[in-house]
Amino acid sequence: MNAFQLKNGELHAEGVPLSAIAQQCGTPTYVYSRAAMTEAYQAYADAGRRADGSAATQVQFAMKSNSSLAVLNVFARLGAGFDIVSGGELERVLAAGGDPRKVVFSGVGKSETEMRLALSHDVACFNVESIPELHRLSAVAAAMGKRARVSLRVNPDVDAGTHPYISTGLKNNKFGIAFEQVLGAYRAAATLPGIDIAGIDCHIGSQITQVTPYLDALDKVLELVERLESEGIKIHHLDLGGGLGITYDDETPPQIGEFVSALLVHLTHRGHGHRQVLFEPGRSLVGNAGLLLTKVEFLKPGAAKNFCIVDAAMNDLARPAMYEAYHGIRPVKPHIDAKADVYDVVGPVCESGDWLGRDRSLAVADGDLLAIMSAGAYGFVMSSNYNTRPRAAEVMVDGDRFHVIHDREMVADLMRGERVLP
Ligand code: LLP
């Protein structure tokens with residue numbers, strides 16, 4: 001689905017003209033489509049059903065990609081679990097009405113406090129990333145008179161073919177337990193008083209546009225599962241992580257359904273079709289379900305370049321500055337016959353790295369609204385207050401209505417808790 005389409009000469013989110021949102025809420029504002037999120041979730045759920053209708057898969061929304069309460073609530077209502085990476089994210093799941101017993105807890109640096117919080121809410125599984133973490137978790141759980149269900153995160157050493165900052169399954173990444181050490185780690189886990197072995201986990205990176213790296217990783221995971229079970233260590237579920245890419249520009253990732261089916265078919269061929277499979281998608285559920293609405297402040301013709309200065313900046317959407325990421329930029333009300341010029345679209349922040357798009361051909365005028373596309377994942381969550389810029393408002397569109405799901409910050413919010421010396 002494309003939830004953002006031109007109707008009557010104006011870009012809409014579902015049935016709502018973006019100019020109506022800008023008029024009521026101002027800019028910059030993140031705009032999400034409930035229908036687009038729902039459709040992406042259903043694609044995972046539908047492809048994950050067995051012939052008899054039972055679920056072979058469970059979606060754990062990787063909420064690091066978008067943790068706004070209304071977004072979490074949409075997924076919770078659809079039946080999603082959540083992949084969390086901090087105690088703070090668990091508190092958000094609870095506040096959004098999510099079920100903590102459907103939570104998997106990932107991350108390389110879980111503190112004792114976070115472990116206790118997660119155990120007290122009976123989370124489904126801890127994805128453990130190191131042997132010291134396993135010992136800490138066992139001690140914390142045993143002291144509470146509990147046992148923690150765990151998967152060990154295997155680092156399969158496969159190349160996901162993505163940006164180095166978002167590739168996680170290579171030997172030199174900080175993530176997971178090295179393939180050669182995993183058997184030993186499971187044997188140790190099986191003897192620990194506070195640990196119950198539940199599954200095995202693997203996540204190889206993000207914005208992956210091919211199935212092959214997943215199949216390679218899956219083969220390595222299955223090799224381990226077979227070894228473990230031959231030693232009497234039972235593995236109940238396989239967590240295959242997230243990472244499926246989306247189209248920002250001209251990428252052609254597999255469709256969600258195709259991707260899930262390819263993995264399930266491969267599992268069946270290898271004799272593991274009966275296993276419960278978890279996915280931890282973030283970007284593929286929300287990335288193209290959101291945009292960042294911004295207004296042109298000035299057009300600044302330069303000696304070597306033209307600049308289109310907008311009111312959104314790197315503090316609102318960090319991906320271009322951080323990864324040189326491409327985001328489509330569309331005028332909300334295209335001037336049909338106007339001549340286009342080539343611009344760098346930049347924000348007001350005092351850094352040359354503050355750009356949102358480079359060399360874009362646009363027919364724009366001061367005051368025009370622009371939509372920075374594909375901003376639903378790793379957009380608002382990575383925003384900051386750099387240059388004392390309040391964070392943007394967030395809006396969720398649902399059919400022909402829209403709801404402000406997060407008020408724009410005020411400068412006073414930014415100074416809360418600060419004090420000067422006596
Ligand atoms: N599971 C684990 C253990 C992860 O580390 C991640 C993402 C995911 C699931 C979800 O991956 P996704 O389906 O969203 O690709 N800030 C970067 C992306 C960082 C991804 C970190 N881990 C960006 O803006 O591209």
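So, how far does a polar side-chain atom of R319 lie from an oxygen atom of the ligand? The distance is 2.6 Å. Before I go on: this is a predicted model, where local features need pLDDT of at least 70, side-chain atom pairs count only at pLDDT 80 or more, and totals for chains, interfaces and linings use all residues. Residues are numbered from 1 along each chain as its sequence is written, and side-chain values use heavy atoms, with hydrogens and water left out.

Okay, the other polar contacts, meaning pairs of N or O atoms within 3.5 Å. The side chain of Y323 has an N or O atom 2.7 Å from a nitrogen atom of the ligand. For K64, a polar side-chain atom sits 3.5 Å from a ligand oxygen. On its own the ligand exposes 590 Å², and the protein buries 91% of that (areas by the Shrake-Rupley method with a 1.4 Å probe).

Who's around it? The ligand is surrounded by 18 residues, with S206, E280, R319, Y323 and Y378 the closest; near here means a heavy atom within 4 Å. That shell splits into six nonpolar, six polar and six charged residues, with Asp, Glu, Lys and Arg counted as charged, Ala, Val, Leu, Ile, Met, Phe, Trp, Tyr, Cys and Pro as nonpolar, and the others, Gly among them, as polar.

Now the sheet. Four bridges link β1 to β2 (residues 10-13), and F4 stands opposite A13 in β2.

Conventions. Polar contact = N/O pair within 3.5 Å; in protein donor to acceptor, adjacent residues only side chain to side chain. Pairing = 2+ DSSP bridges. Helix = DSSP H or I, 4+ residues; strand = E, 2+ residues; numbered from the N terminus.
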